[in-house]
Amino acid sequence: MERIQHVQGADETAFFLADYASWLSGCGATCIRIEKNTRRIAHAFGVDFDISIMPAHVYVSVWNNDGSGSTGTTVRKTANCGISFNLNARLSRLSWEVADKHLDFATTVKRFDKIRETQPTGKWEVLLLTSLANASFCRLFGGDAIAMLIVFLSTLAGYRLKQVMLEDRRDVRLTFLCASFFSAAISGGGHIFNISATPEIAVGTSVLYLIPGVPYINAVSDIIYRHYLCAFSRFLDATILTACLSAGLCAGMLILGLKWF
Amino acid sequence: MNQPMIVWYVITGGLLSLLVTRTIIQHYTSRHRGNRKPRRIFEIGDEREMFYIPGDIADDDFE
């Protein structure tokens with residue numbers, strides 16, 4: 001990898017790299033991905049670099065080994081941009097562009113600012129695709145067509161409730177509890193009205209869209225690469241959300257008088 | 001009509017009325033947010049943009 005001649009100060013570089021790492025962390029990248037991408041950019045800018053990733057912050061130090069003694073250290077809070085594979089991919093693409101196409105610092109910052117303006121996927125698209133995906137889960141677990149329809153509708157209602165509550169800035173744990181409660185209760189219609197041959201699969205799969213898969217997977221990746229603090233933080237977050245959705249599911253089944261086993 | 005059915009109707013009706021009311025209120029109060037480009041649902045990306053691939057450039061690896 002060819003190094004670009006270093007023309008900006010270490011402070012500026014540290015500032016940019018910390019911003020970059022905080023956005024990457026916020027959009028759901030693993031610690032190893034954050035380290036690799038940030039190191040790639042730092043190397044391309046011709047500076048030495050180290051990073052410390054904590055559950056809610058990133059610390060970046062940059063220094064020049066050219067005898068100038070120029071150094072810079074920046075701390076950034078993890079960006080609150082929500083998990084987004086689109087953002088993750090664009091930020092990773094930027095790091096490769098800096099390394100492969102030798103972008104200068106100003107162009108890189110400009111592109112980064114443009115990436116930060118990326119709009120999230122439309123909420124109606126996400127709502128529809130999530131409902132279809134959850135209905136497909138129902139099929140995977142052996143549900144019949146009516147059970148799939150029930151799961152589709154219960155996911156549609158539950159996920160919409162989740163969107164509404166998160167838009168209103170309600171607590172995410174309460175949101176998960178309410179969404180799973182309503183999804184479970186609505187999908188219990190299969191049992192109550194006797195309209196499906198596999199109503200229990202409909203109830204079981206109706207809350208799967210709430211499973212926090214990305215934090216669980218990232219926690220495993222972080223454990224593998226010995227980022228234990230981040231791994232523990234992600235795992236605990238995911239476990240609490242899973243407990244909330246389980247409580248909602250149980251409450252829904254209890255209130256409708258459905259048998260648990 | 002037995003009790004679970006009544007409970008089901010109350011829960012479903014309550015949630016539906018909440019969501020419909022919310023949608024109607026939003027429809028009448030929201031403003032247009034300018035000319036936003038709609039995002040594409042599907043895009044073709046590069047594998048290496050997101051995942052670690054064994055065989056990445058050697059000096060990019062960690063001890």
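Predicted model: local features only at pLDDT ≥ 70, side-chain atom pairs only at ≥ 80, totals over all residues.

Leaving aside residues up to four places away in sequence, A:Tyr59 touches A:Asp50, A:Ile51, A:Ser52, A:Met54, A:Thr74 and A:Val75. A:Thr205, by contrast, is 146 residues from A:Tyr59 in sequence, and the two C-alpha atoms are 41 Å apart in space.

Chain A has an open sheet of 3 strands in the order 1-2-3, with antiparallel pairing. Strand 1 (48–53) and strand 3 (71–77) of chain A stand at the edges and have a single partner strand each, so that one side of each is left without a neighbour in the sheet. From one strand to the next, the twist averages 10°.

Strand 2 (residues 57–63) of chain A is joined to strand 1 of chain A by 6 bridges, the two running antiparallel, and A:Asp48 stands opposite A:Trp63 of strand 2. Between strand 2 and strand 3 of chain A the pairing is likewise antiparallel, over 7 bridges, and here A:Val62 stands opposite A:Gly72 in strand 3.

## The two faces of strand 3

In a regular strand the side chains alternate between the two faces of the sheet. In strand 3 of chain A, the covered face holds A:Gly72, A:Thr74 and A:Arg76, whereas the uncovered face holds A:Thr71, A:Thr73, A:Val75 and A:Lys77. A:Tyr59 has both A:Thr74 and A:Val75 among its contacts.

Methods: Residues numbered from 1 in each chain as written. Chains lettered and ligands numbered in written order. Heavy atoms only, no water. Pairing = 2+ DSSP bridges. Helix = DSSP H or I, 4+ residues; strand = E, 2+ residues; numbered from the N terminus. Axes fitted to C-alpha atoms, helices over the stretch in contact; angles between N-to-C directions. Contact = heavy atoms within 4.5 Å. Buried < 20%, exposed > 50% of the residue type's maximum accessible area, 1.4 Å probe, protein only.
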